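Let's take a walk through this protein model together, starting with the whole chain and then going into its parts. Please keep the viewer open as you read.

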Amino acid sequence: MKLNDEDEMREVILKNIEEFQNKDRVTRNLNFLEEYRDIALLNEMILMSLLENEGYVLEESILLQNVEQLEDQIVKDSLEDEFIKNTISEDYCRIYSSVLSAAWKKDEALNAHETNMLTVLRQELELTKRDHYIIESRLGRFPQKGNKPHSHRQIEKALRNLQSRGLILRFKSDAAYYIIPSELARIIRYELGGELRKATYESLLNDLTKNHLKHILSQCYLNSSGVKEILVSRILKHNILPSKALDTFSNDELKEILKELEGVRITGTKNERISNIIDYYENLSGKNISDPEDERSLYFDYFEDLAARNLKRLRVNKVIDKDLEAEKYFEEATRYIFEVKLGLELVHMPGSKHADGKIKFNDKNETILWDNKSVEKEYNFPDEHFDQFLKYIRANDNRVTLFLIITSWISPDAISKAQKLKAFSETDTDVALVSAEDLKYVAEYWKDYSTKKEPEFNLQVLNYTGELTRSILKDRMSWSL
């Protein structure tokens, strides 16, 4: 089947995503043996660059730069004798270099048979694909002959090759972006031997004890002295794969590590336990960014985590750098929902002593106020919040039809307090509580409840006193939209 353009290609992939994410199919399409050597190499560089980025998405110009930097770093590492000495066994390096050099001397390319034989040898010597590139660079053959870097035109040709294989998608708004569909990312990562993004792997290592890190380094015959930060950076610098690092521990030690990870299966063989640990950290990340053009969409994607203050997950995925940012970005995500997802105009409020957001309710000069409260446990509507919200309602310059509280989990006491606040408002202000998960559901699916060609969100969906549960929201959307 010949596809005429990238839009047609993307449509075919998305309509047949179950087939495209089939492991055997993905593995077949990751076999670049029959491709020209430059295309095969660049395909791997592109995929590695995308896998390393949050959401597996990069703007085209940045992706081109990343591929160039990745190739340049490999060349630089190949020039460091000390780095090579501490990374690759001297005997294995000598053996592999001899075979690789002989293969290159035969002609100016490596054929499929030679590439396959080198793969078998590399596996026997427990060398990574990156080790192969470093040794190839020392022979003056990486990225190209004479260590010449690839051009943008060559990289763009490889991008089209990956698109034709259904491994990446291209989409364009103001700029062009490339993305690995999340359904394919895990298979591609394991096939390429990457296992974890650097930031995610760093989180895994930081969660281990200093003794754990010293053990990993000593088992890999590397210097194990220094503070914890130095030990982590040394493991990363020498590209010790997560599976290799974890394999240095006994099965019982892996069991103890697993006990610290919430919701992960502890039982199994040693290899299964290693995979469970790696999968746990990979599942903390790798979510597609829904709208690369609006940074608030990242906060929307992690809306529930911001509401529940899942700080570890937020830090691993680079949503926050500091814990204090969780509340701020929770508020930003909510503004994004009302402004972008629901298409409503926000009302500016001067100063700082006011609710987190305001929307005009109707033509009768009435408004809706909302406030975000992120909590690690159930939200029980403490008295200080009651007093705070009452001041917001009374200080508003017109009648507040609804005061909406957006949080994570909602306690029965909070529902009772909402009814009390309505009574104390003296303006018959409805007071609703909604979980971040359920408000996000509304943001993503409200248009499905409308039969209009150009639907508009009706704020009556939220105009309620008590908890706006998923079932109540569905019911209100069914008759108001």
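The paragraphs below go from the overall chain to a helix, the cores, a sheet and some charged pairs.

This is a predicted model, in which local features need pLDDT of at least 70 and side-chain atom pairs count only at pLDDT 80 or more, while totals for chains, interfaces and linings use all residues. Residues are numbered from 1 along each chain as its sequence is written, and side-chain values use heavy atoms, with hydrogens and water left out.

Let's begin with the chain as a whole. Its C-alpha atoms fill a box of roughly 90 × 55 × 40 Å along the principal axes. The chain has 25 helices and ten strands; these are DSSP runs, numbered from the N terminus, with helices (H or I) of at least four residues and strands (E) of at least two. Of its 481 residues, 49% count as buried, where buried means under 20% relative accessible area, exposed over 50% and partly exposed in between, with a 1.4 Å probe and protein chains only. The chain exposes about 24600 Å², and carbon and sulfur atoms supply 46% of that; accessible areas come from the Shrake-Rupley method with a 1.4 Å probe, and for residues only the protein chains shown count as cover. Among contacts (heavy atoms within 4.5 Å) with a separation of 6 or more, 66% are between residues 24 or more positions apart.

Now turn to helix H9, residues 129–138. Eight of its ten residues are buried, so the helix is largely enclosed by the rest of the structure. The buried ones are Arg130, Asp131, His132, Tyr133, Ile134, Ile135, Glu136 and Ser137. What do the buried residues of H9 pack against? Their neighbours are helices H4 (37–51), H5 (60–78), H6 (81–87), H7 (90–106) and H8 (112–124). After H9 comes glycine 140, which has a positive phi near 75 degrees.

Lysine 129, also in H9, brings in the charged side of the story. It forms a salt bridge with glutamate 44, with the closest N and O atoms 2.7 Å apart; a salt bridge is a side-chain nitrogen of Lys or Arg within 4 Å of a carboxyl oxygen of Asp or Glu. Glutamate 44 belongs to helix H4, so the pair ties together parts that are 85 residues apart in sequence. Lysine 129 is partly exposed at 28% relative accessibility, whereas glutamate 44 is buried at 12%.

The nonpolar interior comes next. A nonpolar core is a set of buried Ala, Val, Leu, Ile, Met, Phe, Trp, Tyr and Cys residues joined through side-chain atoms within 4.5 Å. The largest one has 48 residues, and Ile46, Ile180 and Ile188 have the most contacts inside it. Two or more residues each come from H4, H5, H6, H7, H9, helix H10 (152–164) and helix H11 (182–192), and H4 gives the most, with nine. Leaving aside residues up to four places away in sequence, isoleucine 188 touches Val26, Leu30, Leu47, Leu51, Leu167 and Ile180. Apart from this core lies another, of 43 residues, among them Phe330, Leu342, Ile406 and Leu481.

For the strands, look at the open sheet with the order E4-E5-E7-E9-E10, whose pairing is mixed; two strands pair if DSSP finds at least two bridges between them. Strand E4 (357–360) and E10 stand at the edges with a single partner strand each, so one side of each has no neighbour in the sheet. Within it, all six residues of strand E9 (430–435) are buried. Asp430, Ala432 and Val434 lie on one face, and Val431, Leu433 and Ser435 on the other. Strand E7 (400–407) runs parallel to E9 and is joined to it by six bridges; isoleucine 405 is partnered with leucine 433, and threonine 407 stands opposite serine 435. E10 (466–467) is also parallel to E9, with two bridges, and there glycine 466 partners alanine 432.

Glutamate 256 and lysine 259 meet in a salt bridge of 3.3 Å, N to O. They are three residues apart in helix H16 (251–259), which means about one helical turn separates them. Elsewhere, arginine 296 forms a salt bridge with aspartate 294 at 3.2 Å between the closest N and O atoms. Salt bridges that share partners join Asp294, Arg296 and Glu339 into one network.
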